[in-house]
Amino acid sequence: MKLNLVTLSVFIYGVFSNKLSDELMDDWNRIASVHAAACIEETDANPILAESMFKDHKLIDEEHVKCYMKCLNEKNTFIFPNGTFNRDKFVNDIEHVTYAIIDKCLAKLNNDADLCKKSYSLAMCFSEENYVA
Ligand SMILES: *[C@@H]1O[C@H](CO)[C@@H](O)[C@H](O)[C@H]1NC(C)=O
């Protein structure tokens with residue numbers, strides 16, 4: 001009985017809380033739209049990303065999305081030539097990214113040298129920090 005309650009709460013939490021607001025998605029899609037076509041071509045990503053990088057109010061998770069994110073980051077100069085992320089630019093350009101959020105998210109990234117994975121993990125962390133119920 002106890003276990004069922006826990007399972008149920010986890011289920012309800014999962015269903016109702018992991019969502020992004022329309023406002024946030026619009027904001028991100030607007031930034032992405034400038035380079036979406038070029039980055040889709042460069043990374044073989046699904047062309048559906050040109051419309052939106054979100055599905056069911058979550059960041060799309062599929063194979064080519066990670067490098068698509070890296071491409072967008074590079075084209076928007078969110079990544080320095082030395083491969084580190086430009087905190088100030090993220091905070092200045094994306095309304096929903098604050099210094100508190102980016103510092104927390106950067107701290108969560110592992111030392112993986114793969115910028116595709118890092119770019120996706122960062123975007124996922126940004127979105128998780130902005131989930132609404
Ligand atoms: C990478 O480049 C940026 C901008 O020039 C600089 O601020 C940062 O300290 C550099 N990071 C590393 C690890 O070299």
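Hi everyone, let's begin with contacts, meaning heavy atoms within 4.5 Å. Among contacts in the protein chain between residues at least 6 apart in sequence, 61% join residues at least 24 apart. Before going on, please keep in mind that this is a predicted model, where local features need pLDDT of at least 70, side-chain atom pairs count only at pLDDT 80 or more, and totals for chains, interfaces and linings use all residues. Residues are numbered from 1 along each chain as its sequence is written, and side-chain values use heavy atoms, with hydrogens and water left out.

Now the overall layout. The protein chain has 7 helices and 2 strands, arranged along the sequence as α-α-α-β-β-α-α-α-α. Those are DSSP runs numbered from the N terminus: H or I of at least four residues for helices, E of at least two for strands. Of the 133 residues in the chain, 41% are buried; buried means under 20% relative accessible area, exposed over 50%, and partly exposed in between, with a 1.4 Å probe and protein chains only.

On to the aromatic rings. How many aromatic pairs does a search of the whole structure find? It finds 5. Rings of Phe, Tyr and Trp (its six-membered ring) pair if their centres lie within 6.5 Å; planes under 30 degrees apart are stacked, over 60 edge-to-face, and the rest tilted. One of the pairs is W28 with F126, edge-to-face at 6.4 Å centre to centre and 85° between the planes. W28 lies in helix α2 (residues 22-33) and F126 in helix α7, so this pair ties together parts that are 98 residues apart in sequence. Both W28 and F126 are buried. Another pair, F85 and F90, is tilted, with 6.1 Å between centres and 50° between planes. F85 counts as buried at 9% relative accessibility, and F90 does too at 3%. Together, W28, F54, F78, F85, F90 and F126 form one aromatic cluster.

F85 also leads us to a lysine. K118 sits in helix α7 (residues 115-129) and is buried, with a relative accessible area of 18%. Setting aside neighbours within four places in sequence, K118 is in contact with F85, L109, N110, N111 and D112.

Finally, the ligand. Which residues are around it? They are F80, N82 and T84, where being near a molecule takes a heavy atom within 4 Å of it. A polar side-chain atom of N82 lies 2.4 Å from an oxygen atom of the ligand.

How values were computed
A polar contact is a pair of N or O atoms within 3.5 Å; within protein, one must be able to donate a hydrogen and the other to accept it, and residues adjacent in sequence count only if both atoms are side-chain atoms.
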